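User: I would like to go through the labels used for this protein and see what each one rests on. Please set the values against the definitions.

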Amino acid sequence: MQLEQREDFDDRHSAIDVARAALNGLNDVLFQAPGTVLTQFMTEVDDLVRLAAAARVAITAEAVQRGEVLTSTSPGTLAWVRSQAPTTVEAGASDIASCSAAVNSRGDAAPVGAAVVDAQISPRTGATVLREMEKLRAEVEPEAMLAVIDALLQMGRRHGPAGVRMVRPELLARFGSSAFQEDQDRRAQRVELSRGIEDDGLHRYDLTLDNESRAILEGAIGPLSKPVPGPNGERDKRTFAQRRGQALVEALRRGMSSSVLPGASTKSTVVVTIDHEKLRAASGAGSVVGGVDDGTLLGSETIRKLACDGVVLPVLVDKHGGVLDAGRAERYITREMLRALWLRDRHCTFPGCTAPAFWCDGHHLIHWADGGPTRLDLSALLCGGHHTIVHRDRLAGRVIDEEVVWDLLAGSYDKYLLEWRAEQAPPDEHPSIQDRPADLHRPSGEAHLAFSEFFKLIGASFSTGPAGQVKLSWAQVH
């Protein structure tokens, strides 16, 4: 819907009063909205929140520039934001303050502030870009910064803060020689766990982990934190944090009750992809896959060490790591196939769902009962809830260019099944999954931006300087 743009400030101020009145007590009348209208209304309100977030930054920047903040009783911009926008006390005030400073900047931060007040990116994303800019100044030459900032902004628009934060670690992992491992080793020294503080029978701990420790923790508690339906199929009422806390205690209990570690399975192993040559040369880094820590980078030496301990399962990106095409001799998806599905899908493949891989089951895109073989190219990850929906509504999914695409029209599976049966060659003519190329290192979801995208956005190439620093040169990438 095209929005009317009002020119006069007083008109806009009055319109905001009207919007506030419309939202006040909204819950009392929502039952009157038809389903389709309710869905569209959700999108419209979300857009209102987006524009309001941008407006808060613009207002703060104007107040700073006029001297309103300086002459107020607040000791600084951050305190002023918190006093005038009470909802930011818990979170968000620092993002607004830093982005408003960028708005008033005459340096290279100005484009970031402009992108925020134009509502192209959120204040949180803008603040993340500003932080990463400062970290990257030591890694690239000064004349390259404007191009880097432009690429960071594009990544922020497409992938949010997570995509922006991927850039510097990936630069170090790919081009930084031993710098990434050295940086990771330094961070490992800062792992700590506080002494518990008791409060009415509950104990609060503060835990700080580096990437290696986080990968181990998530690998241990991930499978145990999966939502568990009630006896009658009702949804698990525990919060995400409650499930994770209880999973941690259960993992420790199992470890203490056994003289050896519990039996490993695909779902209780830290799976890391790494280039074969990097692992042999002890350079670069690998990427954790399958859990809520999906995409976390681990140095190659760290991976080698953990592999010796049996904690990490390294998967070389140019190998399949086992037989992936099990054929119809296998009724269930094998551990090797499940591992490959983790690498390909990363999470539940149902549109909009980001349930981690270790909460998901392998689903036959052509049902076993309908003659479907157990093959990687006919399988997909689905969380428990969406697995039920796919079977209930008989939805069809297809693997296209290593990505699962779903047809959400009820009954679409029946049409797909007829097409699939018509196309079938004799069983011995099916190509093995091992015979076709597979990009097992493909990141999935917008949060996991391939570094090659940043590489193309910036339109330049990188090299490693004599001190291990990343240098950017303007040899255009074709």
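Analyst: What follows takes the labels one by one.
This is a predicted model, in which local features need pLDDT of at least 70 and side-chain atom pairs count only at pLDDT 80 or more, while totals for chains, interfaces and linings use all residues. Residues are numbered from 1 along each chain as its sequence is written, and side-chain values use heavy atoms, with hydrogens and water left out.

User: How many helices and strands does the protein have, and what makes a run count as one?

Analyst: The protein comes to 17 helices and 14 strands. Both are DSSP runs numbered from the N terminus: helices are H or I with at least four residues, strands are E with at least two.

User: How do you know what span to expect of H2?

Analyst: The expected span of a helix is 1.5 Å times one less than its number of residues. Helix H2, residues 35-66, has 32 residues, and the distance from its first C-alpha to its last is 46 Å, close to the 46 Å expected. Just after H2, Gly-67 takes a positive phi of about 95°.

User: Which residues of H2 are called buried, and what covers them?

Analyst: Buried means under 20% relative accessible area, exposed means over 50%, and partly exposed is in between (1.4 Å probe, protein chains only). In H2 the buried residues are Ala-53, Ala-54, Val-57, Thr-60, Ala-61 and Ala-63. Their cover includes helices H3 (77-84), H4 (93-103), H5 (110-117) and H6 (123-136). Across the 478 residues of the protein, 38% count as buried.

User: What makes a group of residues a nonpolar core, and which residues have the most contacts inside the largest one?

Analyst: A nonpolar core is a set of buried Ala, Val, Leu, Ile, Met, Phe, Trp, Tyr and Cys residues joined through side-chain atoms within 4.5 Å. The largest has 27 residues, and those with the most contacts inside it are Val-112, Val-129, Leu-130, Met-133, Ile-149, Leu-152 and Leu-153. H2, H3, H4, H5, H6 and helix H7 (145-165) each supply at least two residues of this core. H7 gives the largest share, 7 residues. Apart from this core lies another, of 26 residues, among them Leu-341, Cys-360, Leu-365 and Trp-406.

User: What does Val-112 touch?

Analyst: Contact means heavy atoms within 4.5 Å. Leaving out residues up to four places away in sequence, Val-112 touches Ile-121, Gly-126, Val-129, Leu-130, Met-133, Ile-149 and Leu-153.

User: Why is Leu-209 called partly exposed, and which patch includes this residue?

Analyst: Leu-209 has 32% relative accessibility, so it counts as partly exposed. The residue lies in the loop between strand S4 (207-208) and helix H10 (211-221). Together with Val-191, Leu-193, Tyr-205 and Leu-207, Leu-209 forms a nonpolar patch on the surface with about 450 Å² of accessible area. Such a patch joins nonpolar side chains (Val, Leu, Ile, Met, Phe, Trp, Tyr) within 5 Å, from residues with over 30% relative accessible area and no salt bridge. Accessible areas come from the Shrake-Rupley method with a 1.4 Å probe.

User: Why is the pair Arg-50 and Asp-47 called a salt bridge?

Analyst: A salt bridge is a side-chain nitrogen of Lys or Arg within 4 Å of a carboxyl oxygen of Asp or Glu. Arg-50 and Asp-47 meet at 2.6 Å, N to O, so the pair is a salt bridge. Both residues lie in H2, 3 residues apart, about one turn of the helix. Arg-50 is partly exposed at 37% relative accessible area, and Asp-47 is partly exposed at 25%. The whole structure holds 12 salt bridges.

User: Where do Arg-394 and Glu-402 lie, and how is each classed by accessible area?

Analyst: Arg-394 is in the loop between helix H15 (384-393) and strand S11 (396-400), and is partly exposed at 30%. Glu-402 is in the loop between S11 and strand S12 (403-407), and is buried at 13%. Neither is a glycine, yet Arg-394 has a positive phi of about 50° and Glu-402 one of about 65°.

Definitions and conventions
Patches are made of residues with over 30% relative accessible area and no salt bridge: like charges are joined within 9 Å, nonpolar side chains (Val, Leu, Ile, Met, Phe, Trp, Tyr) within 5 Å.
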